[in-house]
Amino acid sequence: MAGLWFDDLTVGDTFDHPIHRTVTETDNVLFTAMTHNPAQLHLDEQYMESSQFGTRIVNSAFTLGLMVGISVGDTTLGTAVANLGWDEVRFPAPVFHGDTIRVTTEVIDLRDSRSRPDQGIVTFLHRAFNQNDELVASCKRTGLQRRRPQ
């Protein structure tokens, strides 16, 4: 199991995740189609040529999912009970086809679960950067995490 138990986490722990991912046109088009998002921003190159971006931009919901997904192996794989929420989701810069994304995660809050003594609540701050070290996404994610079995 790769994930960490609630008891193994400390506020301030920071992870520089070793998995980096280059986003492809296929990622963007398939995700956009699967989620029934017909926005021209993601699908229509000709339309976007005259936009401020000059080309299609990657669906931000894909970017959010990728950012959190990259973090799972080092933090919650096999130890998470449930995702409780995503807060303060931000996309300060667009992601384009061909961008390579890297992610960092910081533990920003830990608290005991009042109703589940074998679990705790952890809040992570995830940040995604492109190949130019430009911040492209961030969010706070709160989850229910298992404690180490006794």
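**Group meeting: charges, fold and an aromatic pair**

Let's start with charge. This protein has 13 positive and 19 negative charges, and their mean positions lie 9 Å apart. Lys and Arg count as positive, Asp and Glu as negative; His and the chain ends are not counted. Each charge is placed at NZ of Lys, CZ of Arg, CG of Asp or CD of Glu.

A word on the source. The model is predicted: local features need pLDDT of at least 70, side-chain atom pairs count only at pLDDT 80 or more, and totals for chains, interfaces and linings use all residues. Residues are numbered from 1 along each chain as its sequence is written, and side-chain values use heavy atoms, leaving out hydrogens and water.

Now the fold. The protein has four helices and six strands. Helices (H or I, at least four residues) and strands (E, at least two) are DSSP runs, numbered from the N terminus. Along the sequence, the pattern reads β-β-α-α-α-α-β-β-β-β. The C-alpha atoms fill a box of roughly 60 × 30 × 25 Å along the principal axes.

Next, the aromatic pairs. How many does the structure hold? Two. Rings of Phe, Tyr and Trp (its six-membered ring) pair if their centres lie within 6.5 Å; planes under 30 degrees apart are stacked, over 60 edge-to-face, the rest tilted. Take Phe 31 and Phe 62: their ring centres are 5.6 Å apart and their planes at 70 degrees, so this pair is edge-to-face. Phe 31 sits in helix H1 (residues 25-34) and Phe 62 in helix H4 (residues 60-75), so the pair links distant parts of the chain, 31 residues apart.
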